[in-house]
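This report describes the secondary structure elements of one protein model and the way they pack. The sequence and the structure are shown first.

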Amino acid sequence: MNQSTEQIAETRKIEAYEVSHHARMGTLPRHFGRYMMTFEGFVYDLMREFSPQYSGGNWRFMELSNGSFYMTPPQRTYHLTVRSNGFEGEMTADAAGITVCLFAYSLLSFQYRETDVFTRHFHRLRDFALGHAESTQIFAAID
């Protein structure tokens with residue numbers, strides 16, 4: 001029995017699941033260990049840098065079926081400007097969260113070479129982003 005390319009792609013599709021309110025407390029330590037506060041704070045800092053209209057709020061935690069994790073800012077559309085590569089554009093909260101987490105993973109992987117946690121999360125989140133509705137915007141922003 002041969003599977004079509006579409007069936008194979010569907011069986012490998014990476015799913016995102018929102019972390020419930022009561023499970024949030026253990027999520028960052030499980031994914032990042034002693035680097036949990038470093039990662040979380042850096043994500044907030046990058047969001048402030050890329051989107052001046054961002055003013056804080058309650059972020060959603062998202063876990064992926066491939067073992068990765070990302071955070072999304074409060075639900076709305078965000079205008080992001082990435083000075084380092086000239087990107088400027090509008091994104092949903094979900095796409096903005098993926099973008100800033102990919103940036104955080106990449107930059108932290110160079111800063112903390114003694115661990116591969118950020119590299120692993122970068123590649124897994126990037127794999128998820130490839131199938132995202134706003135993948136073109138996300139990849140333009142991180143290029």
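Predicted model: local features only at pLDDT ≥ 70, side-chain atom pairs only at ≥ 80, totals over all residues.

A residue is called buried when its relative accessible area is under 20%, and exposed when that area is over 50%.

**Helix H4**

Helix H4 comprises 19 residues, 93-111. From its first C-alpha to its last, H4 reaches 27 Å, close to the 27 Å expected at 1.5 Å a residue. Because 15 of the 19 residues of H4 are buried, this helix is largely enclosed by the rest of the structure.

**The three-stranded sheet**

Strands S1, S2 and S3 form an open sheet in the order S1-S2-S3, and their pairing is antiparallel. Strand S1 (16-18) and strand S3 (69-72) stand at the edges with a single partner strand each, so one side of each is left without a neighbour in the sheet. From one strand to the next, the twist averages 30°. Strands of a sheet pair through backbone hydrogen bonds, either parallel or antiparallel. Between S2 (residues 60-64) and S3, the antiparallel pairing extends over four bridges; Arg-60 has Thr-72 in S3 as its bridge partner.

Two helices are placed against these strands. Helix H5 (residues 117-129) packs on the sheet and touches S1, S2 and S3, while helix H3 (residues 36-50) lies across S2 and S3. Their directions relative to S3 are tabulated below.

| Helix | Residues | Strands | Angle to S3 |
|---|---|---|---|
| H3 | 36-50 | S2 and S3 | about 40° |
| H5 | 117-129 | S1, S2 and S3 | about 65° |

**The loop residue Ser-68**

Ser-68 is located in the loop between S2 and S3. Is this residue buried or exposed? Its relative accessible area is 0%, so Ser-68 is buried. Apart from neighbours within four places in sequence, Ser-68 is in contact with His-31, Met-62, Glu-63, His-121, Arg-124 and Leu-125.

**The hairpin of S4 and S5**

Strand S4 (residues 77-82) runs antiparallel to S5, and six bridges join the two. Leu-80 has Gly-89 in S5 as its bridge partner. The hairpin has four residues between the strands, and Gly-86 takes a positive phi near 80° in it. Which residues make up the covered face of strand S5? In S5 (residues 87-92), the covered face consists of Phe-87, Gly-89 and Met-91, whereas Glu-88, Glu-90 and Thr-92 form the uncovered one.

Key: Residues numbered from 1 in each chain as written. Heavy atoms only, no water. Expected span 1.5 Å × (residues − 1). Buried < 20%, exposed > 50% of the residue type's maximum accessible area, 1.4 Å probe, protein only. Pairing = 2+ DSSP bridges. Axes fitted to C-alpha atoms, helices over the stretch in contact; angles between N-to-C directions. Contact = heavy atoms within 4.5 Å.
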